[in-house]
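I opened this one to look at packing and strand order, and jotted things down as I went.

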Amino acid sequence: MKMRHASAALGLLALVLGGAACSDGRSHARATCVLVDVSGTYADQRPEVARIVKSGLLPKVRPGDSFLLVRIDDDSYGKEAVEATITFDAQPSRANAQKLTLAGKLERFAASRKRARFTDISGALLLASEYLRETRAGKKTIVIFSDMKEELPPGARRTLGPKELEGIDVVALNVKRLGQDKLDPTGYRKRLSGWGTRLAASGAASWKVVLDPEELVQEFAGEM
Amino acid sequence: MQSLYLWPDKPALSLLVLWLVSQVLFYAARVPMHRALRKLGAALGGILRIAARWMRSTSDELRQRNREVLLESGRIEAGAKLEHEFRRLATTFTNDLKQYPALHRKLDESVKKVEEDFKASGVAPPEAPGWPEAVQAVAGMPKAGDRTVQKVLEEIHRSAVAQEKKTLQAYREATAKRHGILAQSAVHWKNIRGLLEQVNKAVTGTLAVSARVDGHMEKYEKILKGEDAAERILAGSALNLFVISLFVVAVAGFGGLVNFQLIARPMSELVSGGGYVFGMPISMIAALVIVLMEVAAGIFVMETLGITQLFPRIGGLPASRRRIIFGVALTGLFLLAAIEASLAILREQLLEADKALAIALAGEVAKGKETVAAPLLSRIPVIGQAVLGFILPWILAMIAVPLEMLVESGRHVIGRALVLLVRGLGVVVRLAGHGVRYLVAALAHVYDIYIIIPLQVERLARGGGGAREAYAPARGASLRNPAEPTSQFKAPR
């Protein structure tokens, strides 16, 4: 009888030790790709974008997560559009050092004055989805900083396949309203809903427009 | 619905024909339908009644088993208490009786000394002779004219006064000496009083232990007889013990949580594989394992000390082997506590680094450096965390005692709750059985209401007087109020 009591009392310990022997096999790492528009008027937003990413998203990134920074410019599908790509170390202190390095890259990016003539959002999405798929992360997110008005260079063709963004959450943050949008918000809303339809058709797990960066940060912190 | 219409373009006619056909069919099938309903009611009611009976008997059996276990554990506990008290009584008696000869000798000596002193103080002091009267008589003699006689008398008077003083002095000295002897005797009296108090204390202690033994014996006898009162007392004390030990274990659980939080962050530095188990990072699992290992080590320490008896095999081991297990467990506990203390120090440093990183990422590096430097100047948080990290494992090790109580009392409490649950379920099933029987009986009535016209026709065909027959239940069925017990639709028991 006593032996049964003892085994019941140590049951939890056995369960934990038994569980420790096998991993659940699921990837708990997260991969985040930040797309930043550097064309037209949005190019002036670079310092603000860098500030949001540095103070909001980076502190919430966990060891083992992946982070990607891609420019939205004339030809976003090219590898040159990738500003930074990093997979953080599993050891928190090393990951912190990597965060500091990335913060430096972001500062240099913010200081850059380069301005693109066209806005190849689809190309950036295609590039981001390829990189994100490669990370095999459990949770994949694309954060877009843009006015969401696409202007492709002549001759460029961008088609998002039906499974292009499968399992990827897409969030548009700090979407800038253009001059016409202020006069008639219908165009702005139509533009965003059009992107929603297009992204849903390409298999995106979700599409959200966030006005307050803090909301995204909170959501980012709460995810497993 | 439209598919049932015989003539889709004439729904009313179709419905009327369908109704007429159903009336004929239902009337024709009345007897077998009533019989079927009766059988269905009996079957369902019977099944539920059997289930209710089974639950009742199971709960009785469980209750009986619980009672037996409760009485048995109560008997063992009372027996252990009795044994303990008897051992204590024996030890007290042995000690007291061992001291008795010395006590008796001391008492005897003191009494003898008091007796001697009493005798010594009883020696009569020298009597003061009647000098005052003699002096007064000499002083009162008439003065004679003869100077020689006068001189003789004065001489006599002087020597009488001197003798009186001398005698009085001797008397006073003798009295003072007696008082001195009596004063010395007071010490012996005090000794005697002290010895008697000692005896009184020993006797009172023995009486108290005897009273306790009587109480335990009374309880033991009640348990042996299997009295309900004893069972109630044991159940009540088991519930009290369960609540108290649950509270203590919960408090210890929160302590464990604090402990876990203290080492979870630094463990992520040490165990940074990036793997997950049940959705938890390996580092957190490792921290949890350390906390649980402290608990396990504490359990082994308590077991080997004989404070708890969760593992009877350990209790049955020879003392030398128990000492080895005790040493290993205690060393393990000490090492774990030391590891925790060092992890707590590391934690503080890591938190400071995280804070500095957050400030640097916010772009206020200079300000961040100042903020980070300030707490580093004070070593109090670091020392506090290190001390906490070292002490908490020892406190957690104590969980073995309330844990044993919880496991023991939990068995009775859960058993009792199970009895109540099964009994409650039995009542619900029984009520459901009644409900089913009433429902099936009501269905028979509804059936007859539907074919009320053919039944009325039948009644008229039988000449009006056959109403009772028409409404009477079909052969083999009953239309009576199910509340009234009949041979067919018997009210459920």
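**Entry: what I'm looking at.** I'm reminding myself that this is a predicted model.

**Entry: the cores.** I looked up the largest nonpolar core and got 32 residues. Those with the most contacts inside it are Val34(A), Val53(A), Leu58(A), Phe67(A), Phe88(A) and Phe145(A). In soluble globular proteins, nonpolar side chains tend to be buried together.

**Entry: Val53(A).** I picked this residue and skipped its neighbours within four places in sequence. What is left in contact with Val53(A) is Val34(A), Leu58(A), Pro59(A), Phe67(A), Leu106(A) and Phe145(A).

**Entry: strand β1.** How many residues of strand β1 (residues 30-37) of chain A are buried? I got 8 of the 8, so the rest of the structure largely encloses this strand.

**Entry: strand partners.** I checked what β1(A) pairs with. Strand β4 of chain A (residues 139-145) pairs with β1(A) in the parallel sense over 7 bridges. There, Phe145(A) in β4(A) is the bridge partner of Val36(A). Strand β2 of chain A (residues 66-72) also pairs with β1(A), parallel, over 7 bridges. On that side I found Cys33(A) opposite Leu68(A) of β2(A). Between β1(A) and β2(A) the chain crosses through helix α3 (residues 46-57) of chain A, and this β-α-β crossover is right-handed.

**Entry: chain B overall.** I counted 13 helices and 2 strands in chain B. Of its 493 residues, 33% are buried. Among chain B contacts with a separation of 6 or more, 79% join residues 24 or more positions apart.

**Entry: Val17(B).** Last stop: Val17(B), in helix α1 (residues 11-28) of chain B. Its relative accessibility is 24%, so I log Val17(B) as partly exposed. Beyond neighbours within four places in sequence, Val17(B) is in contact with Leu6(B) and Trp7(B). I also took the C-alpha separation from Val17(B) to Tyr5(B), 12 residues apart along the chain, and got 9.4 Å.

Conventions:
Residues numbered from 1 in each chain as written. Chains lettered and ligands numbered in written order. Predicted model: local features only at pLDDT ≥ 70, side-chain atom pairs only at ≥ 80, totals over all residues. Heavy atoms only, no water. Core = buried A, V, L, I, M, F, W, Y, C linked by side-chain atoms within 4.5 Å. Buried < 20%, exposed > 50% of the residue type's maximum accessible area, 1.4 Å probe, protein only. Contact = heavy atoms within 4.5 Å. Helix = DSSP H or I, 4+ residues; strand = E, 2+ residues; numbered from the N terminus. Pairing = 2+ DSSP bridges. Right-handed = clockwise from strand over helix to strand, strands pointing away.
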